[in-house]
Amino acid sequence: MSQDGLARAQQVMTDAGVNATAIEVFSHYYGELERGATGVIREDSIRPLTEPPSLEGMQITDEQAREALSRTVVIKLNGGLGTSMGMTRAKSLLPVRDGKSFLDIVVQQVLAARQRYGVRLPLLLMDSFNTQEDTLAALAAYPELAVEDLPLDFLQSQEPKLRTDDLTPVRWPADPKLEWCPPGHGDLYPSLLSSGILKSLLDKGFRYATVSNGDNLGAAPDARLAGWFAASGAPYAAEVCRRTAMDRKGGHLAIRVDDGQLILRETAQTAPEEMDHFTDEHRHAYFHTNNLWLDLERLHALLVERDGVLGLPLIRNVKTVDPKDPSSPEVYQIESAMGAAVGVFEGAQAVEVPRSRFLPVKTTNELMLLRSDVYELREDGTLHLLVDKAPVISLDGHFTKIADFEQRVPGDVPSLREATRLAVAGDWTFGDRVVVKGEVSLADEGEPRRVEDGTVLQG
């Protein structure tokens, strides 16, 4: 059964033009899945990470910082469509601040860092087949962005979804695109190798990479972090922040008991009966921001040695082939997390960074916050919090999709600078110049309601 399933999966990937390295990586994970691997990391196999070095206390000279940044490339994950927010094209093209998209602001950050430090600093996007065309069209507005003959992007791979009953590639004639899935952002590493980009970067004198999600505008190029990473001699470093009650769902770093190696544990790798340990922000005090640093020479050597298979822990996701149809066949999506490479590189480190380096937009709650007067977008593309603590935003299902959100907030985002919390339940529409003060809740009144222009909502 499994040999037939693997052969059929390999064939459909070959027919679709998937490169040999990606097929080799998929075959590795298929073998783990066949052997019953779940990727679960038990609580008794790890101990909490405590007191990693902090960016705030680092002594890095300006010359160290500039020299390290001069040999650094910025890599952004740009494969997502923002489907959870109702989008159908690259999420990075969503206007997020002052009429600029995520992509515009990322470019602004890179160009500003180049000018400030006098460095090349390429920007390299890991696109998917769904995002490449729109993204490259948008980047055409920045002819100055290219560095020498380096491309602006490379493609992540794709792989078939597997039926849970016999591990064969699922068939779904109603929408054949749903037969495929991305292999998770752990695909970063083999795709860098198979695309030839990794070798090109090394040939041009680049030694380090700073990697982050395209929707995290806090992860701007940081010369001081580059200087620290270069001086550390580490092959890999993960940026972490202290967890709060708001971070209980995010992956955290821990130390493997057997060998003292740093590892990453995600929600999908936690046994249901141990979720109380996973979500305990006091026990596991540091979450992975998904900002990381790589020594490209060490990465290349390890990938070549292992034929492109780093051996990241398996993440086995159980879904239906059509996410909108719970009666459609159940499938496995084989994934891996790029942050899990912390457990592959001996000598990998963690570094605590300020919360300002973690500003992802996963929902319209964060979008409203970033569009509000709580933040200021500066000339170098960095976003600065103008209050001591950002308010908590909680919008109900009427605001989940971008189209619904923009219909209900058609003009100015309410002023939130004096707010501590805004919770909205029900079909509310906001007029212009609305001000929120303190803790405000708008209840569901069973029919559409409007907050009129100039209203002050006082908690």
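**Packing and pairing of side chains**

Tutor: Start at M368. Leaving out residues up to four places away in sequence, M368 touches I393, L395, F405, V409, V413, P414, L416 and L422. Keep in mind that this is a predicted model. M368 belongs to the largest nonpolar core, which has 70 residues. M368, L416 and F430 are the residues with the most contacts inside that core. As a general point, nonpolar side chains tend to be buried together in soluble globular proteins.

Now the rings. The structure holds 6 aromatic pairs. One of them joins F229 and W293. Their centres are 6.1 Å apart, with 40° between the planes, and the pair is tilted. F229 sits in helix α8 (residues 223-232), while W293 sits in strand β14 (residues 286-295). The two are 64 residues apart, and the pair links distant parts of the chain. Buried or exposed? F229 and W293 are both buried.

Y236 lies in strand β11 (residues 236-242). F345 lies in the loop between β16 (330-335) and β17 (349-352). That pair spans 109 residues and again links distant parts of the chain. Y236 is buried, and F345 is buried too. A charge meets a ring elsewhere: the charged end of R243 sits over the ring of F278, 5.6 Å from the ring centre.

Stay with strand β11 and turn to charge. E239 lies in that strand. Its side chain meets the side chain of R357 in a salt bridge, 2.7 Å from N to O. R357 is in the loop between β17 and α11 (364-371), so the bridge ties together parts 118 residues apart in sequence. How accessible are the partners? E239 has 0% relative accessibility and counts as buried. R357 has 6% and is also classed as buried. In general, side chains of opposite charge can pair when their charged atoms come close.

The whole structure has 29 salt bridges. Take D203 and K199 next: their closest N and O atoms are 3.0 Å apart. Both are in helix α7 (residues 197-203), 4 residues apart, which means about one helical turn separates them. D203 is exposed, with a relative accessible area of 56%. K199 is partly exposed, at 42%.

E452 and R450 form another bridge, 3.1 Å from N to O. E452 is partly exposed at 45%. R450 is partly exposed as well, with 39% relative accessibility. Finally, salt bridges can join up: R120, E148, D149 and K204 are linked in a network of them.

Key. Residues numbered from 1 in each chain as written. Predicted model: local features only at pLDDT ≥ 70, side-chain atom pairs only at ≥ 80, totals over all residues. Heavy atoms only, no water. Phe/Tyr/Trp six-rings, centres within 6.5 Å; stacked < 30°, edge-to-face > 60°. Buried < 20%, exposed > 50% of the residue type's maximum accessible area, 1.4 Å probe, protein only. Lys NZ or Arg CZ within 6 Å of the ring centre and 35° of its normal. Salt bridge = Lys/Arg side-chain N within 4 Å of Asp/Glu carboxyl O. Core = buried A, V, L, I, M, F, W, Y, C linked by side-chain atoms within 4.5 Å. Contact = heavy atoms within 4.5 Å.
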